[in-house]
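Visitor: I'd like to learn how to read a structure like this one. Could you walk me through it feature by feature?

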Amino acid sequence: MRIAVCPGSFDPVTMGHLDIIERASKLFDKVIVLVSFNPSKKTTAAFSVKERMELISRVTKHLDNVLVDCNDGLLADYVRSTGASAIVKGLRAVSDFEYEFQMALANKHLCPDAETVFLTTSTENMYLSSSVVKEIASLGGDITGFVPPEILDDINERLFIES
């Protein structure tokens, strides 16, 4: 069985994330969407890990081979413990590649049996990130089309700050 881990903070999950997850689900027998803590991201989380897992579960319920989990340790250790053969990462721009390439090399050193697979984002999601969604929503902007419709209200209720 070909297992892939698709890690990220997913705070919140966006259409870009969902696109990568759906495409990975066609390439692998099982995809584990892993909500992980990234210490290099200095922003405060809008959603708890449990809430992010629930949001991801709701938007991926149509994908029978996708599971949602969380981890606060090394990704390489998690990948090894699941028997996964791949780490799937989405790339939006060249700037993403530099960081992700470094992480791929480190993970390969720590977990030689797993390969990192990069999926390029679709054109309509190139600019999209959780940070952009949070900023637009907090200022009362319309995030329809940026996040899956099933969770649009959850995000707006949490992030909209009336002035």
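Guide: Let's start with a pair: the side chains of aspartate 19 and arginine 23 meet in a salt bridge, with N to O at 2.9 Å. Before we go on, this is a predicted model, where local features need pLDDT of at least 70 and side-chain atom pairs count only at pLDDT 80 or more, while totals for chains, interfaces and linings use all residues. Residues are numbered from 1 along each chain as its sequence is written, and side-chain values use heavy atoms, leaving out hydrogens and water.

Visitor: What counts as a salt bridge here?

Guide: A side-chain nitrogen of Lys or Arg has to be within 4 Å of a carboxyl oxygen of Asp or Glu. By this rule the count comes to eleven.

Visitor: Where do aspartate 19 and arginine 23 lie?

Guide: Both are in helix H1 (residues 15-27), four residues apart, about one turn of the helix. Helices here are DSSP runs of H or I with at least four residues, strands are E runs of at least two, and both are numbered from the N terminus.

Visitor: Is aspartate 19 buried or exposed?

Guide: The general idea is relative accessible area, taken with a 1.4 Å probe on protein chains only: under 20% is buried, over 50% is exposed, and in between is partly exposed. Aspartate 19 counts as buried because its relative accessibility is 16%.

Visitor: Which residue forms a salt bridge with arginine 92?

Guide: That's aspartate 96, with the closest N and O atoms 3.1 Å apart. Arginine 92 is partly exposed at 32%, whereas aspartate 96 is buried at 15%. Then there's lysine 108 with glutamate 115, where the closest N and O atoms are 2.7 Å apart. Here lysine 108 is partly exposed at 32%, and glutamate 115 is partly exposed too, at 44%.

Visitor: Which residues are linked in a network of salt bridges?

Guide: Asp11, Arg52 and Lys134 are.

Visitor: What should I look for in the backbone?

Guide: Most residues other than glycine have a negative phi, and most peptide bonds are trans. In this model, a cis peptide bond joins aspartate 11 and proline 12, with omega about 0°. Proline 12 sits in the loop between strand S1 (3-8) and H1.

Visitor: What is the phi of phenylalanine 10?

Guide: It's positive, about 50°, although phenylalanine 10 is not a glycine. Phenylalanine 10 lies in the loop between S1 and H1, and it counts as buried because its relative accessibility is 3%.

**Contacts and cores**

Visitor: What does asparagine 125 touch?

Guide: Contact means heavy atoms within 4.5 Å. Not counting residues up to four places away in sequence, asparagine 125 touches Met15, Gly16, Asp19 and Arg92. Asparagine 125 is in the loop between strand S5 (115-120) and helix H5 (130-138), and at 7% it is buried.

Visitor: Which residues of the largest nonpolar core touch the most other members?

Guide: A nonpolar core is a set of buried Ala, Val, Leu, Ile, Met, Phe, Trp, Tyr and Cys residues joined through side-chain atoms within 4.5 Å. The largest has 33 residues, and Val88, Ile143 and Ile155 touch the most other members. Elements that each supply at least two residues of this core include S1, H1, H5 and helix H6 (152-159). Apart from it lies another core, of twelve residues, among them Ile32, Leu75, Ala84 and Cys111.
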